[in-house]
Structures are given as structure tokens and as C-alpha cells.
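Biologist: Please take me through the features of this model one at a time, giving the general idea before the particular case.

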Amino acid sequence: MSNGDAFDPWSAQFVAQPYPAYAKLRAETPVQWFEPSKQYLISRHEDVNALLRDRRLGRSYLHVASHEEMGRRGWPQYQQPFWTLNNNGMLDREPPDHTRLRRLVSQAFTPRRVEALRPVVERLADELVDAFVAQGGGDLIADVAEPLPVTVIAELLGVPEADRHPLRPWSAAICGMYELNPSRDTAEAAVRASEEFSDYLRALARRRQDDPRDDLVSALAAVEGLSEDELIGTCVLLLNAGHEATVNVTGNGWRALLQHPDQLALLRTNPDFLGTAIEELMRFDTPLQMFERWVLEDIEVRGVPIPRGAEVALLFGSANHDPAAFADPSKLDITRRDNPHISFGAGIHYCLGAPLARIELAASFGALLAKAPALRLVSDPVYKPGYVIRGLKSLEVSV
Ligand code: HEM
């Protein structure tokens with residue numbers, strides 16, 4: 001058991017309530033070496049925001065140096081299938097490859113294609129919420145929060161309905177690797193999922209190449225300059241990034257609203273606040289608590305020298321609660337207008353799916369607000385053990 005305000009990402013108590021520990025870090029040691037994960041913790045909004053945009057840092061270093069040159073050991077051979085998949089998506093690439101991949105994917109993932117999904121997403125949210133209300137409530141995560149973004153991203157990519165069942169388990173297994181110091185079991189499960197997921201997508205992409213449809217896999221398969229491994233890495237990234245965080249914003253967000261009945265009542269009587277409410281919920285209980293960067297050249301942050309080859313942990317949840325950036329940050333205020341939250345990141349890796357995520361969140365929150373006017377918590381929600389990708393195990397409610 002950790003003490004209440006210590007940074008301890010492996011403690012359930014900390015995961016449930018990380019914000020007091022962040023406040024202490026921000027005030028006392030805004031740049032702090034953390035021995036258990038061998039990273040510098042960066043907790044202030046100004047610093048997180050600046051480092052995300054600083055080209056002397058990167059999500060990878062392999063574009064400028066080998067593992068040995070960076071003083072790193074690299075990954076064990078048995079993990080190669082996971083890393084091949086991971087390193088072929090745009091998120092873990094840096095320019096010029098990142099620029100090329102992001103441009104190619106943006107050509108297929110156009111604002112038109114995303115906007116055209118709005119009525120589809122709204123209809124799906126209505127159907128899910130209607131069924132949820134008809135059954136008298138239940139687990140909001142399993143019944144509404146998960147199926148919506150998973151179905152949307154699977155539709156967008158063109159994964160047939162009959163094949164969707166393993167998407168969540170594959171994604172969850174792969175995402176285990178994004179937590180701090182993953183165990184051998186976690187790594188092995190991620191490797192298995194990476195192999196199965198890659199095989200599946202390779203076959204699907206080849207089918208779509210021969211027989212294109214109006215979907216993203218076909219569009220990506222038709223794009224010049226994208227290798228097959230990059231296509232697969234991109235699809236897995238879109239499938240994983242395309243739902244994990246959205247599920248957690250829905251769960252964490254509803255938990256926050258249900259625990260702040262005044263704010264929920266205000267939103268019910270003023271649905272025009274839905275837009276600012278969603279941004280506030282993303283800030284208030286940040287779904288992705290931390291992103292890492294490698295230091296590619298010696299830097300100094302608030303007087304602390306950080307050498308090339310080191311890793312920084314950018315604490316998004318802390319940045320989003322920094323009183324230097326937000327008035328009264330521990331207050332949930334669904335009308336907050338001045339809200340420079342960092343939940344979608346910043347700089348060259350800024351979330352490509354932010355417009356789609358906002359459409360999905362507006363649809364599901366909107367449908368639940370309209371159709372479940374007496375939503376109530378029936379048990380205390382518990383967070384899953386993950387710290388980086390932070391969300392609830394379940395959210396049991398009655399309608
Ligand atoms: C509320 C939901 C979401 C949140 C909070 C979120 C958050 C983020 C963040 C913080 C990053 C940047 C990570 C970094 O800088 O290290 C990112 C990148 C990305 N996100 Fe999202 N995301 C969400 C939904 C989505 C959706 C729905 C999609 C796709 C359909 C998506 C696709 C991506 C992709 C492709 C990247 C990589 C961009 C790049 O490297 O240039 N995200 N997301």
C-alpha cells in the first residue's frame with residue numbers, strides 16, 4: 001500500500017486517485033527522477049506541453065541511433081513480433097517516416113470520411129442506449145462504452161462483423177505493453193496477440209487489394225508508398241487507439257458526472273453545454289495518464305540536466321490539473337471554456353482521431369442524457385490495474 005500522495009503507478013490506491021500525488025510533484029519536484037521505471041517524471045502543464053513539441057525528443061530514437069548508441073539494450077528477441085507491429089505504425093515513428101505515414105493515412109482518413117460517419121455513430125449510440133434502457137441498466141462500460149467505438153472503427157476499416165470478436169482481446173493484450181515495466185506474462189500475451197492480429201490483417205488487406213470496397217483497409221491498400229507491414233501497423237494502431245481511450249473517457253466521464261450531481265443536473269437542463277462538458281470530462285479524469293519520450297540530445301528542464309538516451313514520462317493527468325493552466329483545476333466545471341487540456345497530446349503526434357472521438361463521445365453522452373434521465377450508480381466503480389491507459393473495470397448503473 002502506498003502512502004496517499006506518493007507517485008506509485010503499481011498501487012491500486014494511486015491509480016484510483018493519482019491527483020494528490022501529482023499536486024505534490026508539481027509543487028515540489030516538477031522534474032523528478034523515478035528509479036523504478038528509470039524515467040524523469042514531468043508534471044507541469046507548461047513543461048509537458050513544451051516537451052511534446054520539442055524536436056530534441058522523440059517517441060523513438062531508432063531514426064537517429066541504434067540501441068547501443070543510445071546506451072540501451074533493445075528488446076528481447078521473443079518480443080520481436082510485438083515491436084515489428086508497434087514500430088510500423090506512425091505513432092512510434094519520427095520524421096521523415098512519420099510525416100510520410102501520417103500524410104498517407106490522412107489521405108484515406110479524410111475529414112469527409114469521418115464527418116460522413118456522424119449519422120452512423122448517432123444511430124448506433126441510440127440503438128445501444130435504447131437496449132440498455134430497455135434492460136433496466138447494467139454495466140455501462142460493457143454495454144455502451146465499448147461496443148460503440150469498437151463498432152465504429154471496425155466499420156471504418158472494413159473489418160467484417162463476424163471477425164470482430166477477437167479485436168478487443170487482441171487490443172487489450174497489446175496495450176498491456178504500454179504500461180510501465182510490463183511482466184513476462186504480459187509481454188508473451190502481447191506477442192501472441194500481435195502475431196494473430198497481424199496475420200488476420202495481412203489476409204484482410206490482400207483480399208481488399210484484389211477486391212476493394214468503400215473502406216479504410218481498401219483505401220490504405222491502394223495507397224502508393226505504404227509497405228504491407230506499415231499498412232498492418234497502421235490498421236492495428238487505428239483499431240487500438242481508435243477505441244481504448246474513448247471507452248475510458250465514457251466510463252471515467254460518467255463516473256465523474258454521477259458523482260457530481262449538480263453538474264449532471266446542469267448538463268441535463270442545458271444540453272448546449274455538451275461540447276464543453278466532454279472537453280472538461282477528458283481533462284478532469286484523463287484517460288491516458290502518461291506518454292513517454294526519448295531524449296535525443298542533452299536538454300535541461302527547470303534547471304535539471306537530462307542527458308541524451310534518457311526517457312521522460314510526461315504526466316498528462318498532472319498537466320490537466322495544473323493550477324497554472326486551469327482555474328480551480330480540481331473542480332469539475334462542465335461550462336469551462338478556457339480549457340487547454342492536453343488529453344489529445346500536442347505537436348506532430350497530436351491525435352489523428354480527435355474529430356472522430358469527439359463525434360463518438362457527443363453521440364453516446366447525448367443519447368444517455370436524453371434517454372436515461374434517472375441514471376444512478378448502483379455500486380462503487382473500481383479502476384482496472386493499468387495506470388497509463390486508465391479506466392474503470394465496470395460501471396454498474398440503474399436507469
Ligand atoms: C478520447 C479518445 C482519444 C484520446 C484521449 C486520444 C489520445 C491520443 C494521444 C494523447 C495521442 C498522442 C500520443 C503521443 O503524443 O505520444 C494520440 C495519437 C493518435 N491517436 Fe488518439 N485518442 C483518442 C481517440 C482516437 C481515435 C478514435 C483514433 C482513430 C480512429 C485515434 C487515433 C490516433 C492515432 C492514429 C494517433 C497517432 C498520431 C501520430 O503519431 O501522428 N485516437 N491519441
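Modeller: Let us start at the ligand, where a polar side-chain atom of R293 lies 2.7 Å from one of the ligand's oxygen atoms. A polar contact here is a pair of N or O atoms within 3.5 Å; within protein, one must be able to donate a hydrogen and the other to accept it, and residues adjacent in sequence count only if both atoms are side-chain atoms. The model is predicted, so local features need pLDDT of at least 70 and side-chain atom pairs count only at pLDDT 80 or more, while totals for chains, interfaces and linings use all residues. Residues are numbered from 1 along each chain as its sequence is written, and side-chain values use heavy atoms, with hydrogens and water left out.

Biologist: Which residues come nearest to the ligand?

Modeller: A residue is near a molecule or strand if one of its heavy atoms lies within 4 Å of it. Around the ligand there are 30 residues, of which R59, H98, R102, H349 and C351 come nearest. R59 has a side-chain N or O atom 2.7 Å from an oxygen atom of the ligand, and a polar side-chain atom of R102 also lies 2.7 Å from a ligand oxygen. At least two shell residues are supplied by each of α5 (97-108), α13 (228-241), α14 (244-258), β5 and α18; these labels number, from the N terminus, the DSSP runs for helices (H or I, at least four residues) and strands (E, at least two).

Biologist: Which protein atom is a donor to the iron atom of the ligand?

Modeller: Donors are N, O and S atoms within 2.8 Å of the metal (3.2 Å for Na, K and Ca), and since water is not among the atoms, sites may look incomplete. In this model the single protein donor to the iron is SG of C351, 2.3 Å away, and C351 sits in the loop between α17 (316-319) and α18 (354-371).

Biologist: How should I read the cores, and what does W254 touch?

Modeller: A nonpolar core is a set of buried Ala, Val, Leu, Ile, Met, Phe, Trp, Tyr and Cys residues joined through side-chain atoms within 4.5 Å. Buried means under 20% relative accessible area, exposed over 50%, and partly exposed in between, with a 1.4 Å probe and protein chains only. The largest core holds 104 residues, and those touching the most other members are F7, L157, L201, W254, L315 and Y387. Its largest share, ten residues, comes from α18. Contact means heavy atoms within 4.5 Å; leaving out residues up to four places away in sequence, W254 touches L140, V249, L264, F365, L368, L369, L375 and L395. Apart from that core lies another of 18 residues, including V295, I299, V312 and A319.

Biologist: Is strand β8 buried or exposed, and which strands pair with it?

Modeller: In general, strands of a sheet pair through backbone hydrogen bonds, either parallel or antiparallel; here two strands count as paired if DSSP finds at least two bridges between them. Five of the five residues of β8 (311-315) are buried, so the strand is largely enclosed by the rest of the structure. E311, A313 and L315 point one way, V312 and L314 the other. Strand β2 (39-42) runs parallel to β8 and is joined to it by three bridges, whereas β5 (290-295) pairs with β8 in the antiparallel sense over five bridges. L314 of β8 is the bridge partner of I42 and also of F291.

Biologist: What is the strand order of the open sheet that includes β4?

Modeller: The order is β4-β10-β9, with antiparallel pairing. β4 (137-139) and β9 (376-377) stand at the edges with a single partner strand each, so one side of each has no neighbour in the sheet. Three bridges join β4 to β10 (396-398), and G137 stands opposite S398.

Biologist: Where does the backbone show a cis bond or a positive phi?

Modeller: Most residues other than glycine have a negative phi, and most peptide bonds are trans. A cis peptide bond, with omega about 5 degrees, joins P95 and P96, and P96 lies in the loop between α4 (80-87) and α5. R302, in the loop between β6 (299-301) and β7, has phi near 50 degrees and is partly exposed at 40% relative accessibility. D328, in the loop between α17 and α18, also has a positive phi, near 50 degrees, and is partly exposed at 48%.
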